[in-house]
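Colleague: Could you walk me through reading a few features of a model? I would like the general idea before the particular case.

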Amino acid sequence: MAEDDKTPKPPIRRSLRILLIVSLALNLMVAGVIVGGIAKGRAPGPFGGIDMTLGPFARALDDDHRRELRDHLRGQEGLRPPSRRDRAEAMRDFMAALRADPFDPAAVDAIFAGQRDRATAGMRAGQDALLAQLQAMTAAERAAFADRLDHELREMRGGDRDRD
């Protein structure tokens, strides 16, 4: 039994070692993005709710207006993200269209059109809700929003280094 412990382990193949290093690097990069976002006060996760369609506009709203906007958009049934099952089915359809011989570009275009329509509907609903909020704000509230938006846009560009 003691001899079994002394048998050398086979070396890890070079391609596997490279794959593990690349995987580690990608994991560290993702962790860095998440930690950086948290440090800047952004919500973790790739889909921060309404920020996907309104970005800096939503972040520039004060807490009450942002909550109001989020609640309004959550109440709209057609804006819910597709279920895991629907996403898997869409990917199967896409893969089938890619493998079809002869290739049918209209089938892939129809899949892309569906994605585009969902994204456009979400953006439109967010913009409509934001416009309604802006109309309901006082001039002072809109000015404060504009100041926060200006700050948010400067932050996105890397702070004041881009200012003349």
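**Rings, a helix and a core**

Modeller: Gladly! Let's start with F112, which is partly exposed, with a relative accessible area of 37%. Keep in mind that this is a predicted model.

Colleague: How many aromatic pairs does a search of the whole structure find?

Modeller: In general, the distance of the centres and the angle of the planes describe a pair of aromatic rings. Here the search of the whole structure gives one aromatic pair. The ring centres of F94 and F112 are 5.8 Å apart with the planes at 35 degrees, so the pair counts as tilted; stacked would need planes under 30 degrees apart. The pair links distant parts of the chain, 18 residues apart: F94 sits in helix α6 (residues 84-99) and F112 in helix α7.

Colleague: What span does α7 reach from its first C-alpha to its last?

Modeller: With 32 residues, α7 reaches 46 Å, close to the 46 Å expected at 1.5 Å a residue.

Colleague: And which residues in α7 are buried?

Modeller: An α-helix has 3.6 residues a turn, so residues three or four places apart point the same way. In α7 the buried residues include G122, A125, G126, A129, L130 and Q133. Q133 has a relative accessible area of 6%, and, leaving aside residues up to four places away in sequence, Q133 touches L61, H65, E68 and L69.

Notes:
Residues are numbered from 1 along each chain as its sequence is written. This is a predicted model: local features need pLDDT of at least 70, side-chain atom pairs count only at pLDDT 80 or more; totals for chains, interfaces and linings use all residues. Side-chain values use heavy atoms; hydrogens and water are left out. Buried means under 20% relative accessible area, exposed over 50%, partly exposed in between (1.4 Å probe, protein chains only). Contact means heavy atoms within 4.5 Å. Rings of Phe, Tyr and Trp (its six-membered ring) pair if their centres lie within 6.5 Å; planes under 30 degrees apart count as stacked, over 60 as edge-to-face and the rest as tilted. Helices (H or I, at least four residues) and strands (E, at least two) are DSSP runs, numbered from the N terminus. The expected span of a helix is 1.5 Å times one less than its number of residues.
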